[in-house]
Amino acid sequence: MPKKTKKTSAGTPATTALTAAGTVFTLHSYEHDPAAPSYGEEAAQALGVEPGRVFKTLVASVDDRLTVAIVPVSATLDLKALASAVGGKRATMADPAAAERTTGYVRGGISPLGQRKRLPTALDESATAYETICVSAGRRGLEVELSPGDLASLTDAVLAPIARV
């Protein structure tokens, strides 16, 4: 992957938030295939990046409160671990329409950055094994590469083991 450089906003709320915060990031775009079975694995393959370094943004409901979970595309979300990480008791996947309405993004393009409403967020601790990771930039076919520390800081995320391989 190219060295990280500061890019100007690509017009999504995520890139606008990154630019406003003065965060160093690299924007990657690729041709999205609507028939792709997994948006995250499609992104990893299109970018030539190992799937453990590309993270998907999932929205869950922890004790009836919407919560963001950021996990590698090569893993699944451990709902019990997520609930524990954010101080809850029970977690379920959120209704997709509620996730879209609350974040302002469409499924497959939900970014952890620049969401309409700031939600409690947990980032899988495996992210810290990498200098940079990729997450959705707020549109299918658009990824942003940034340091895990910057992502955690910008989203007020707790780092926790919330992914299951």
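Ser61 sits in strand 2, with helices (H or I, at least four residues) and strands (E, at least two) taken as DSSP runs and numbered from the N terminus. The model is a predicted one, so local features need pLDDT of at least 70 and side-chain atom pairs count only at pLDDT 80 or more, while totals for chains, interfaces and linings use all residues. Residues are numbered from 1 along each chain as its sequence is written, and side-chain values use heavy atoms, with hydrogens and water left out.

Ser61 counts as buried because its relative accessibility is 14%; buried means under 20% relative accessible area, exposed over 50%, and partly exposed in between (1.4 Å probe, protein chains only). Neighbours within four places in sequence aside, Ser61 is in contact with Leu66, Arg90, Ala91, Thr92, Met93 and Ala94, contact being heavy atoms within 4.5 Å.

Strand 2 (55-62) turns up again at helix 4, where, along with strand 3 (65-72), it is part of what covers the buried residues. Those residues of helix 4 (residues 96-103) are Ala98, Ala99, Thr102 and Thr103. Seen down the helix axis, they fall within an arc of 110°, so they line one face of helix 4; the arc is that of the directions from the helix axis to the C-beta atoms. Just past the end of helix 4, Gly104 adopts a positive phi of about 85°.

Helix 5 (residues 148-155) has its own buried set, namely Pro148, Leu151, Ala152 and Thr155. These cover an arc of only 95° around the axis, which puts them on the same side of helix 5. Their packing partners are strand 3, strand 6 (121-124), strand 7 (133-139) and strand 8 (142-146). Just after helix 5 comes Asp156, with a positive phi of about 55°.

Zooming out, the protein has five helices and ten strands. Its radius of gyration is 14 Å, close to the 15 Å that the globule rule gives for 165 residues, so the protein is as compact as a globular protein of that length. Here the radius is taken over C-alpha atoms, and the rule is 2.2 Å times the number of residues to the power 0.38. The C-alpha trace spans about 40 × 30 × 30 Å along its principal axes. Of the 165 residues, 48% are buried. Among contacts between residues at least 6 apart in sequence, 60% join residues at least 24 apart.
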